[in-house]
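I set out to look up how two chains are built and how they meet. My entries follow in the order in which I made them.

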Amino acid sequence: MSSTLLIIQTLNGLQLGVLLFLIAAGLTLVFGVMDFINLAHGVQYMLGAYLAAMFVPLTGSFVLGLILALATALLVGLLLEVVVMRHLYDRDHLEQVLATFGLILFLNEGVKIIWGAAPLQVPMPQALSGTIRIADGVLYPVWRLAIIGSGLAVAVGLWLVVTKTRVGMLIRAGATNAPMVSALGVDIRRLFMIVFGFGAMLAGFAGAMAAPVLSVEPGMGDNLLILAFVVIVIGGIGSIRGAFIGALLVGLVDTLLRSFSVDLLRLGGLSPSDARTIGPAIASMSIYILMAAVLFFRPTGLFPAKG
Amino acid sequence: MAETPVPPVMPAAPPLWRRIWLPVLVFALLAIVPLIWGERFILGLVTRAMIMAIAALSLDLILGYGALVSFGHAAFLGIGAYAVAILFSHDIVDASIAFPVAILAGALFALVTGAISLKTRGVYFIMITLAFGQMALFTATSLSAYGGDDGLRMFHRSEVFGSRLLANDTTFYFVVLGTLLGCFLLLKAIVASRFGRVLRGAKENERRMRALGFDPFLYRLAAYVLAGAICALAGALFANLGMFVAPAYMTWQRSGEFIAMVVLGGMGTLIGPIIGGIGVTLVEEWLAQITQHWKVIFGPMVILVAIFARGGIVKLLTRGDR
């Protein structure tokens, strides 16, 4: 295993990590403040990618397309909140899971009807489409660095909003004890609507940023949604800090083990053919094992918000 | 999750109509289907629907009676199916060996994953069962010796003590129907037993059950293992139906469908999930015939069920009785 590959895969892991963080941030807040399981959060990510695929060629500018995509993602999020989610806050998790599962089926098929089942490509902005030399003989695409950079910037921004502003204070208070916040005269429903719409927009942002390096296709959010759930469960539901650390952890572990599990197993003394068979399986299971282990020792995650 | 106070009354027994006549009606209808529609397609479709009903039935034991929302139940279906197909590929084709192995495999997976999952509650339980389901899925995709992503084909159905009894579609239909009936009666007896009452008691008020000296964990684990075993049996039948297994049998979407079947039919009624399982399978097939984009219709139906149909079809049918 060469150090070049290690550097590149670490960066790839970081990139997956920040994308996961963008998705998990909204999920964990919605979860934390309203105790609401939103399985449909992954389709918001997919929607962001599709909206970028539509608006970027339409406007001829990535930035303009991105802004339009984000605005639309926000609107769709608010619309879903009003039409579906709102009726489910007081219900069991079971009914929330079921309703948002239905929403996934509907939206995945809906994008297929609107944009077709074939994968779409999104051009990346010209200025950021090159590669950059990050070490001796190691070239890395600028756009992937831009994803990492923008994700970290959003993380810092979110941290500032959550810890320094009044809205952030209400969100934190809501995650800790929602009925108390409500009793103090805060319109918790409106707070939640804001959080929900904002979370949807963040997931959409992740999708739009990832669109140029991935193929945009129906169901692309499903697997990431599951990963995002793993992230917030590891991090502790309702905690932004937990989501951030969990996301980077999951992104790095998943990416690094996918490229190095076979080598590691061979170092561990397995025969090459056995290592090749078992390696990929262990790599794809690793984060679930990580999550099961975390839950076994800390049943409410690493940084529980309620306490 | 705060424990909600429960009024100290025993829930009334379900009305006679639901307890006796509805199941009789459902099974009688299923029994005459092959006599009315003998076509292969219909037989195969209803057989598939009944297998899904067995799986949904097993989920109802933990979901309806234990309030344990398992989002990884499809794993057991896949494990049962793979057990049969893998043994088949090693020339062990007799159901008398393959089916018990499938059931044991399901039970064993349930025992291990249940022992870990049941330490958690609520949302965390949903997520950890989902994680175990995903693990099973990825294990199946990495079984390159057994087809990997592409799945594994069986050349014929399992033999029964050396005879190709199940090769006949009508015979297979009645075997599945008999299994469904057997599982239904078994679970009915179990939920009515002391074990079932403890399970329900732990769902209503865990602290009180503890105070009475019961360990809810052990009862839940036993129920989880039993549900896993029955679902694996459904998987063994499922492998035989199409003579094919694939990792796609255990996606989390299928686990979601199972939940939809149970809730749509009526949680904690046993007969409800059977109706739900058959109903959902038939509706999916019917919608798929109308349009390839049937999910845009099915999705909103699921949403409406979640929002409005509290108690499911069975409660709608017997409205006013309770």
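**Entry 1: a helix crossing.** In which hand, left or right, does α2(A) pass α8(A)? I found that α2(A) passes α8(A) in a right-handed crossing. A crossing is called left-handed if the near helix is turned anticlockwise from the far one by less than a right angle, and right-handed if clockwise.

**Entry 2: the ground rules.** I noted that this is a predicted model, in which local features need pLDDT of at least 70 and side-chain atom pairs count only at pLDDT 80 or more, while totals for chains, interfaces and linings use all residues. Residues are numbered from 1 along each chain as its sequence is written, and chains are lettered from A and ligands numbered from 1 in the order in which they are written.

**Entry 3: chain A as a whole.** I counted 10 helices and two strands in chain A; helices (H or I, at least four residues) and strands (E, at least two) are DSSP runs, numbered from the N terminus. Along the sequence the pattern reads α-α-α-α-β-β-α-α-α-α-α-α. The C-alpha atoms of chain A fill a box of roughly 60 × 50 × 40 Å along the principal axes.

**Entry 4: α2(A) against α8(A).** I returned to this pair and read that helix α2 (residues 41-59) of chain A packs with α8(A) at an angle of about 135 degrees, the axes being 7 Å apart. Axes are lines fitted to C-alpha atoms, for helices over the stretch in contact, and angles run from 0 to 180 degrees between N-to-C directions. The angle makes α2(A) oblique to α8(A); under 35 degrees counts as roughly parallel, over 145 as roughly antiparallel, 65 to 115 as roughly perpendicular and the rest as oblique. Among the residues that meet are A:Tyr45 and A:Met46 in α2(A) and A:Leu224 and A:Leu225 in α8(A). Contact requires C-beta atoms, placed from the backbone, within 7 Å.

**Entry 5: α9(A) against α10(A).** Helix α9 (residues 240-267) of chain A and α10(A) pack at about 160 degrees, with axes 8 Å apart. I therefore recorded α9(A) as roughly antiparallel to α10(A). Their crossing is right-handed.

Entry 6: Strand β1 (residues 131-135) of chain A pairs with strand β2 (residues 138-141) of chain A in the antiparallel sense over four bridges; pairing requires at least two bridges found by DSSP. I noted A:Tyr140 in β2(A) as the bridge partner of A:Ile132. Two residues lie between the strands of this hairpin, where A:Gly137 takes a positive phi near 70 degrees.

**Entry 7: chain B and the interface.** Chain B comes to 13 helices and two strands, and its C-alpha atoms fill a box of roughly 55 × 40 × 40 Å along the principal axes. How many residues of each chain are in contact with the other? I found 36 residues of chain A in contact with 34 residues of chain B. On the side of chain A that touches chain B, α4 (93-115), α8 (220-235) and α10 (272-297) of chain A each give two or more residues. α4(A) gives the most to that side, with 16 residues. By class, that side has 26 nonpolar, seven polar and three charged residues. Here Ala, Val, Leu, Ile, Met, Phe, Trp, Tyr, Cys and Pro count as nonpolar, Asp, Glu, Lys and Arg as charged, and the others, Gly among them, as polar.

Technical notes. Contact = placed C-beta atoms within 7 Å.
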